[in-house]
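Here are my notes after going through the model, point by point. Have it open beside you as you read.

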Amino acid sequence: MRKRAEKMQVGRRYLEKQRKIKKRRRGLLLFGIGVVVIAGVFLAAAAGKGKKETAAVPEREVYASELAGFLQAAYLTPEETRTLVIPKVQEVLTVDDLRRICNVLGMERCYEEAVAHLQNSFPTIADTSAQKKELVLSREQWCMYYELLLDKLQVKDTVAEVELQYLGKVPGEQRIMADNGNYDCDLQSCRMEYGKRYVVYVQGKVLLGIKQEVAQNVENDGEMPKAASESETDTNVVSITVPDTVRVLLTQDHGQKPERSGVYVMGSTAWKASAAGVEAVVAAETPADCGAWMAQNGLDEALLEAENGGALSLADANGSVQGTYAGKLHVYRRQEDGAYWVVNELGMEDYLCGVVPGEMPASFAPEALKAQAVCARTYAALQVLGTSYEAYHADVDDTTACQVYLPGNANPAATEAVYATTGQILTWQGMIASVYYFSTSCGYTTGLEVWQQDALPYLGVHSLVQNADAASSIDAFLRDGQVTAYDSESRFFRWQAVLQLSGNDEKLWQALQTAASHRDGKVVLTDGAGVQTEDVSSFGNAVNLSVDARAESGCVTDLRLTFEHGTAHIYNENTIRSILWRICTSLTDKNGNTANTFHMLPSAFFSFDAVGNGTFVLYGGGLGHGIGMSQYGADGMAESGAGYVEILGTFFPGTELYTGAGE
């Protein structure tokens, strides 16, 4: 199967471009090194600056792609920088590129000042030397210029330097995760490596660029301490803490909008609402209009607590219960429009007792439920560190955007799995791991490349196939109804869909243009002249559908839609599924039963045939993104005798199970 996977790795177009870019970068780097050797430039930072708390790794060059992040402080969007600036500079920034950047920004005089400012870095070359202009900038030299530029733009006081540890990208968002929260970021210009620490420039919650990579602590007036042993490094990277509580944003009917026009609450016991010295007590089983009480008292926030361990319920005006919750409820009111939202604060294990039954059937094997509990706890622990829901004073919401939280579905099997694994999470190199899970694989899991994200060593291609004579090509494999795998009991282990390409042009135009307008690289549109655009109005009718690239796992990572006068490439598995769903006319599971409750294709693992008149039949496998743990696969492994630790080790190899007992 490995040979088959290697043949499938055709590669997306942008990855081919990246390989070419890297090759050119190596050439430029060699040129820069040669100049350094001959000219004797790029001296170390001037001495006498006093004791430093941290030391950077050896200086490195700055790549032009990073400008898309840095120049956001110069009022340029990343896309504007990629259009107006990056084509005019070298791929690795040189001294002369500073002049080009100044020209684009209309600050020509800033270049001369920058050269004078950097003169100490080039002591052996005269100001007018052409040779100096071609010198590759070190990161320290670039940052000297950048801070001067910020000063000239009068925005320096809005930009701060922050040290953080990079923990990966937030799926589906232009954000990264760090040990001190989440940051908005232009992902295409983010060049961080998982687990490393950096000093970065930030403007508000927007990460602009890297100032330096942090190596290790410096002691004894600047002298580097002896390197710690490998074991010492591994045990002291990060202090793992599993949060005791979680704050859950409650949406209406588990929809996408948390805002409410009013909030009615009732309790199984007497309960009270309190805020800013104002308090109200309500009898048990009595619905109360909490929103009206807050408005009457001019309150923007109220804390609701039941007495004697009781539970609180959200209800309508007639007392019809819409959800019952352990812990506390925080009700917030927005002054400008009078909208309310509710956050449920409760213990981590109580929260998981409502998550595990929302994510996995109670009929699944106990060891699979334990694996699910550990995954859900790990995900929640990392979310508590983030800031995705800080605007709502929450850590997560109760939908599939995070984890489905259904406390009303609590059952003994799920609760037993939660408490059997109390406090346990997965870690990677001393940090909380980024774990993902999904319903069903096609027989193989995949890595983060299907989301256009940097790979993580423990998230990749893993086979769940059990019969050795499975088809060798991805097209044949996905059409083979005889494949057996740990998750082949799922009704969506194999599925079929019918797409109607012709006659649905307007649906495609709208979906593609909306996606392209986000400028996140998930959809790239090219007009008839080969020019990249965001406007599909001249594309004409859709004429063909093709797969240009797949990941090693077989997941589609470059879907081409050909129009009469334009082309669309879709590079993200989630976006591929969403856009194709617009033109899907039927979907059936492996048993031939119709499925009509979906909002996107089951997965991006599919093959297809054109059957005429713009109609395509898809032969697909799996349900979900395919990254991390297959829930049906976990159940199949458990039924075969695997324990939850073995299951987790299969889907997340190299991670460690942290139990909280100093391990």
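Predicted model: local features only at pLDDT ≥ 70, side-chain atom pairs only at ≥ 80, totals over all residues.

1. Let's start with two tyrosines, Tyr 325 and Tyr 405, both of which are buried.

2. How many aromatic pairs does a search of the whole structure find? The count is 18. There is also an aromatic cluster made up of Phe 70, Trp 142, Tyr 145, Tyr 146 and Tyr 201. Two rings have a charged side chain over the face: Lys 205 over Tyr 183, at 4.2 Å from the ring centre, and Arg 494 over Phe 493, at 4.3 Å.

3. On to the nonpolar cores. The largest has 139 residues, and the members touching the most others are Leu 304, Tyr 351, Phe 606, Met 629 and Phe 652. Helix 12 (residues 366–385) is the top contributor to this core, giving 11 residues. A separate core of 35 residues lies apart from it, with Ile 86, Leu 98, Ala 114 and Leu 148 among its members. As background, nonpolar side chains in soluble globular proteins tend to be buried together.

4. Phe 652 deserves a click. Which residues is Phe 652 in contact with, leaving aside neighbours within four places in sequence? The list runs Cys 375, Leu 426, Val 435, Tyr 436, Tyr 458, Leu 459, Gly 628 and Met 629. Met 629 is also one of the residues that touch the most other members of the largest core.

5. A look at the cysteines. The disulfide count comes to 0. Cys 290 has a relative accessible area of 4%, so it is buried. Cys 402 is at 11%, and because the cut-off for buried is under 20%, Cys 402 counts as buried as well.

6. Three strands make an open antiparallel sheet in the order 19-18-31, with strand 19 (431–432) and strand 31 (656–658) at the edges, each pairing on one side only. Strand 18 (residues 425–428) pairs with strand 19 over 2 bridges, and Trp 428 stands opposite Met 431 there. Elsewhere, strand 2 (residues 159–169) and strand 5 run antiparallel over 7 bridges, with Ala 160 partnered by Val 202. Strand 5 (residues 197–203) is mostly covered, as 5 of its 7 residues are buried.

7. Two loop residues have a positive phi without being glycine. Tyr 75 has phi near 70 degrees and is found between helix 3 (67–70) and helix 4 (78–84). Gln 154 has phi near 60 degrees and is found between helix 8 (139–152) and strand 2. Are these residues buried or exposed? Tyr 75, at 61% relative accessibility, counts as exposed, and so does Gln 154, at 70%. For context, most residues other than glycine have a negative phi.

8. One more loop position: Asn 318, between strand 13 (312–315) and strand 14. Because the cut-off for exposed is over 50%, Asn 318 counts as exposed at 74% relative accessibility. Asn 318 is 31 residues from Pro 287 in sequence, and their C-alpha atoms are 7.7 Å apart in space.

9. Finally, the overall numbers. The chain comes to 18 helices and 31 strands. Of its 663 residues, 51% count as buried. Among contacts between residues at least 6 apart in sequence, 66% join residues at least 24 apart.

How values were computed. Residues numbered from 1 in each chain as written. Heavy atoms only, no water. Core = buried A, V, L, I, M, F, W, Y, C linked by side-chain atoms within 4.5 Å. Buried < 20%, exposed > 50% of the residue type's maximum accessible area, 1.4 Å probe, protein only. Helix = DSSP H or I, 4+ residues; strand = E, 2+ residues; numbered from the N terminus. Contact = heavy atoms within 4.5 Å. Disulfide = S-S within 2.5 Å. Phe/Tyr/Trp six-rings, centres within 6.5 Å; stacked < 30°, edge-to-face > 60°. Lys NZ or Arg CZ within 6 Å of the ring centre and 35° of its normal. Pairing = 2+ DSSP bridges.
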